[in-house]
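Please read the points below beside the model. They take the helix contacts and then the sheets, and finish with confidence.

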Amino acid sequence: MSSDTSSTEAADLYASARQTTEGRVYTVTGGDWDEVLEDAITDERIIINLGPQHPSTHGVLRLVLELEGETVTQARSVVGYLHTGIEKNCEFRTWTQGVTFVTRMDYLAPLSNEVAYCLGVEKLLGIEAPRRANVIRVMLLELNRISSHLVALATGGMELGSLTAMTAGFREREEVLHLLEYITGLRMNHAFVRPGGVAQDLPDGYEQVVRDFITLMRGRLPDYDKLLTGQPIWKNRLVDVGYLPVDACLALGITGPILRSAGLPWDLRKTEPYLGYEEYDFEVPTSTAADSYARYLLRVAEIHESLKIVEQTLDKLVPGPVMVNDPKVAWPAKLSIGGDGMGNSLEHVRKIMGQSMEALIHHFKLVTEGFAVPAGQVYVPIESPRGELGYHMVSDGGTRPMRVHVREPSFVNLQSMPAMSEGGMVADVIAAVASIDPVMGGCDR
Amino acid sequence: MADEMNPAGKLPGQKTPEQQIPEQQIPDPTPDGPPVPGDVQSGAERPGHPLDTTDATPAAEPFIVGRDRRGMFGVTGTGDTSGFGGLTLPAYAPAPAERPYGGWFDEFTDDLLAAFAERDIPAAAILQITVDRGEITYYVAREHLVAICRALRDDPALRFELCSSVSGVDYGVAVPQRLHSVYHLTSMTYRRRIRLEVAVDWPNENGDAPTCPSVVGVYPTADWQEREAWDMFGIVYDGHPALTRILMPDDWDGHPQRKDYPLGGIPVEYKGAEIPPPDQRRSYS
């Protein structure tokens, strides 16, 4: 870069300008806007690049904006900076191991990914998890929805310069993560939901902990209304910004809070219930404003609804198995805490090492080779915090998937960024992207 | 097997003359409550007119999806002492469904074929219908894909407003039509989901690139998803406005999710030990 820099502009090492075939290119780091603006006012068209490392682009998302003055005439997003090949990796692991991959895709809603993946495997196998396992899954999904929406508020607030929204959102999310750690053992990337059920039963005394959490959240959620809902700056930044009506949503395949903010009460928990969601009493909040502010309000309202569902799961949790009664699918050993951390229970080790050769063989085969899944394909959609999360899974009859394709709501919803932003101001692009709430780990997979 | 069950020697799916014009009777309205989503009567009632479903499911070459399985336990390359090492099972092929398909699938297929007739799409555009695990798959001819999607979106009795997912699938090097482009369509009006599958004619004798028509004109949401399928599988979507890579860098060679593309493969050295790529490590299946 330095070789292209002319001697007069080489003074600032970090804010250089260079001549390219596309015109003069500046790298702006702050404090050097005078020089850029001098050029910008003589040329009416300017293209700016935001990201992929930028605090306001909601992750490693890169935005390329064409500006006239401060008005965005064209906007494009560039994705792929967090592509990790998870879909390909799943083809080289057993069906059970796939859970640990998919939980790392949308890292703000790991349990949605785990549940959708496991529902797909179960549909391919033709089995159904026991009722208690499904109730536990619903509880985890809703807790996860709360934490995901809280991060949407927190990072969205941060991108708009409202740092108190960020600290408040992350503070409440921390409570959810503590609770998830208490239940699953991990704050994120749980790998707790497994094909056929869940890895472990709930810990002792879970009910009181969950009820305390609900009480705490019900006490703190009104603070968001006090802090943000009526606040003039927050409303000025969000009302009528990022407008996307319902026909545009359908054409672009947009689901989740964005679609519901446009007035269509499309929530797969209601329209195509899975995991027994039809038994729970909750509302699907909608709005007709179709703007960023409506999406903010919907997310807060959905947190309230999720708390209602979590409360109802506690009443539905009757004792019972949490894994299918099929030794060819269920994990052979019960995990327990030993002196060196969590592992196979001593009782099980004693049995396979001392008593039953067949049990040892079975354990070894199931853990290393996995179980075979009959050939065929399924598509399983669930309602993740961001919209329709669908798993298209193909099996060729082996112990590993032939193909795992994830219909990621972040990936699909991000296509609406140009429609929401073009014709608006640069600052409104940030508000619109924040209201889409893409998670780049899920988008790029 | 179908021939044994059908002594007249008819091809599976062919209708006898009596069956050719199905009666378009409107069933009695359910006495109690509204119809269940996706069930009988939840769809718009099409005004009755004779349907020609003669070529609805012509006998075609079965779609082979999956590799041959050798040996009784899938053992390869090791000393198989079981005596079953020479056993070769044919690759999996989804079984063509025959009427009745069950559920709302029969009524829906009638509506679909009626919509085809209105739009001059031959019924033979549907190469095979498979019903598996409660999901219906229409294997459709490549050249009619866009017209079919338009009919599915616009016909008032079908109304597939949402294209949920577009994904590529590579069924392996040895499979005749190894690349498939799969579309999951959702009807929000009738709460139905169907799957369209196009077997891309590749590898072909001309050595051309695998091509498939683009449905972006019908479903704009397919834009990025077709770019992803191009990026990962190298399926060229004809008519796509800007078919460029989306997840891999622009200058990447190859299409990573094809089955003949190795996983990883960048040698990693750790304290003198070479770590092989994951697909070359020891495996048990």
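**Notes on the predicted model**

1. In α5(A), the residues M139(A), L140(A), L143(A), I146(A), S147(A), L150(A), V151(A), L153(A), A154(A), T155(A), G157(A) and M158(A) are in contact with L163(A), A165(A), M166(A), G169(A), F170(A), E172(A), R173(A), V176(A), L179(A), L180(A), I183(A) and T184(A) of α6(A). Contact means heavy atoms within 4.5 Å. By class, the residues of this contact are 17 nonpolar, 5 polar and 2 charged. Nonpolar covers Ala, Val, Leu, Ile, Met, Phe, Trp, Tyr, Cys and Pro, charged covers Asp, Glu, Lys and Arg, and the others, Gly among them, are polar.

2. The basis is as follows: this is a predicted model, in which local features need pLDDT of at least 70 and side-chain atom pairs count only at pLDDT 80 or more, while totals for chains, interfaces and linings use all residues. Residues are numbered from 1 along each chain as its sequence is written, chains are lettered from A and ligands numbered from 1 in the order in which they are written, and side-chain values use heavy atoms, with hydrogens and water left out.

3. Helix α5 (residues 131-159) and helix α6 (residues 163-184) of chain A have axes that come within 8 Å and cross at roughly 160°. Axes are lines fitted to C-alpha atoms, for helices over the stretch in contact, and angles run from 0 to 180 degrees between N-to-C directions. The two helices are therefore roughly antiparallel; angles over 145 degrees count as such, those under 35 as roughly parallel, 65 to 115 as roughly perpendicular and the rest as oblique. The crossing is left-handed, that is, the near helix is turned anticlockwise from the far one by less than a right angle, clockwise being right-handed.

4. A second pair in chain A is helix α7 (residues 206-229) with helix α12 (residues 292-316), packed at an angle of about 165° with axes 10 Å apart. α7(A) is thus roughly antiparallel to α12(A). Their contact has 16 nonpolar, 2 polar and 7 charged residues, and their crossing is left-handed.

5. Chain A also has an open, antiparallel sheet of 3 strands in the order β10-β11-β12. Its edge strands, each pairing on one side only, are β10 (376-384) and β12 (403-407). Helices (H or I, at least four residues) and strands (E, at least two) are DSSP runs numbered from the N terminus, and two strands pair if DSSP finds at least two bridges between them. β10(A) pairs with β11 (residues 387-395) of chain A over 9 bridges; E383(A) has E388(A) as its bridge partner. Helix α4 (residues 110-125) of chain A packs on this sheet, touching β10, β11 and β12, at about 150° to β10(A).

6. In chain B, 5 strands form an open sheet of mixed pairing, ordered β3-β4-β7-β6-β5. Strands β4 (residues 135-140) and β7 (residues 192-199) of chain B pair in the parallel sense over 3 bridges, and Y138(B) stands opposite L196(B). Helix α4 (residues 145-154) of chain B lies across β4, β6 (179-187) and β7, at about 175° to β7(B). Helix α5 (residues 222-233) of chain B lies across β5 and β6, at about 5° to β5(B).

7. The model scores ipTM 0.86 and pTM 0.84. Chain B has a mean pLDDT (the predictor's confidence in each residue, from 0 to 100) of 76, with 66% of its residues at 70 or more. Residues 1-31 of chain B have pLDDT below 50, with 27 contacts in the model beyond near neighbours in sequence. Where pLDDT is low, the predicted coordinates should not be read in detail.
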